[in-house]
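Subject: A structure for you to look at

Hi there,

Here is the structure I promised to pass on. Have a look at it first, and then read my notes below.

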Amino acid sequence: MSCTFHLPCACPLAPAILLAPKISRARPSFPCRSSMENQQLIRGSKLMGFPYLTGPHRDTMVDLISAMENRLGCHHLLPSSVPPDVEHYQNESGTSQGTLHIRCGIDSSPIDFVLASWLHLELPTGGALDITNIAGYLKSSTDVPHFQFELVKCSPTFLILFLDLIPRKDIVFSPDYLKTYYEDTQLEKFRQRLDQLPEVQAYFSSSLYFRRVVSPTGIVVSIKCEDGAGPERVEEIIREHVRPISNDIMRIWIDMCVGDGVEVGETERAVLEKRDSLIKSKAIEMDLSSSMPKQFGQEVADRVLRVIKSVYNV
C-alpha cells in the first residue's frame, strides 16, 4: 500500500467561506479551569479516544497533548471554542472521521494557538489512513519556531513521521537563529537516533516547497517493518524511540515558549507575520484545498474549514 501526500496536514484544511465569523480570542469571563479540569474535559472528548490507534501511538499523542495542557494550560491558553459538530465530524457513510481541538493563546501569551487532531480515512482499495497531528503556532511577538508533530499510519507495517520545530526566519541570513534554536538545543541528536534504525528511511515529499520549509534538524521519515516482526516491530519503534523523542522535542519547544525569549521589533514582526501567513496559505493551497471535500463532502468540509480558517487568520 502506498501512502503519498505533499505536506503533512497541520489540520484538516481546504477551501472554505472566506468571510467566516472569527473565533473569539477575548479573555473568558469565567474562572480559568485548573490543569486537572482541562485534562478531564479533553480525556472525555472524542479527541483523546483515538479508537483506531495502537497503544504506543495513542500513548504518544496523550503524552504530547498532556504536556501542552499541563505546562501551558490556563496561564497561556483560552478554553477551546470549537463547536461540537467540528470537535468530531464524519462523512455520511462514516468511513471518514475526524476530531479537532484548538485552544488560542490569551493576549499576553506568545502562543497564537495549539491544535490537536486525528483523521481516520478508510480507503476504497481496503485498509485505512490514520493521521494524528499536534501543532503549536507562535505570535509575531517572538521568533520561537513553531512545533509540528504528525504521525501517519499508512498500514500496520508502514508509518510516516514528521516532527520539527519549523523555522520562522531564513537560516542562511540568520546564523544566530540557527545556533539558538537548533544547535544549542542539540536537536540534531534526535534525528540521528532515529536514523540509526534500519527500518527508518528518509521520506522525500513530492513538494519541493515543503522540503524548503522544514528545518535542518527536522525529522521526516518513513518507518517500514515488513520483514519478520511486522506490526509488533512498528509498535516497538514508536514506544522505544518515537514517543521519547517526541516528548523531548515538545519539552524543548515549551521551554522556549515560556522562557524569556527574544524581543522582536516592529519591523521584524511584520516579516514574521508575512512568512507565517505565506506558509499557512501554502499549506491550504497545496495539500488540503481539494482533499477535505472529497473525504467528507462539501457541507462537512465547509463547517470544519470555517473554524480552521478563522484560527489561521488567512
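This is a predicted model: local features need pLDDT of at least 70, side-chain atom pairs count only at pLDDT 80 or more; totals for chains, interfaces and linings use all residues.

**How α2 and α8 pack**

Helix α2 (residues 55-71) and helix α8 (residues 231-258) have axes that come within 9 Å and cross at roughly 15°. That makes α2 roughly parallel to α8, a label for angles under 35 degrees. Axes here are lines fitted to C-alpha atoms over the stretch in contact, with angles from 0 to 180 degrees between N-to-C directions.

Residues are numbered from 1 along each chain as its sequence is written, and side-chain values use heavy atoms, leaving out hydrogens and water.

**The core and the whole**

The largest nonpolar core has 48 residues, and W253 and F149 are among those with the most contacts inside it. Such a core is a set of buried Ala, Val, Leu, Ile, Met, Phe, Trp, Tyr and Cys residues joined through side-chain atoms within 4.5 Å; buried means under 20% relative accessible area, with a 1.4 Å probe and protein chains only. The element that gives the most to this core is α8, with 12 residues. F149 touches L64, V242 and S246, among others.

Overall, the protein has 11 helices and eight strands, which are DSSP runs (H or I, at least four residues, for helices; E, at least two, for strands) numbered from the N terminus. Of its 314 residues, 55% are buried.

Best wishes

Methods: Angles under 35 degrees count as roughly parallel, over 145 as roughly antiparallel, 65 to 115 as roughly perpendicular and the rest as oblique. Buried means under 20% relative accessible area, exposed over 50%, partly exposed in between (1.4 Å probe, protein chains only). Contact means heavy atoms within 4.5 Å. Lists of a residue's contacts leave out its neighbours within four places in sequence.
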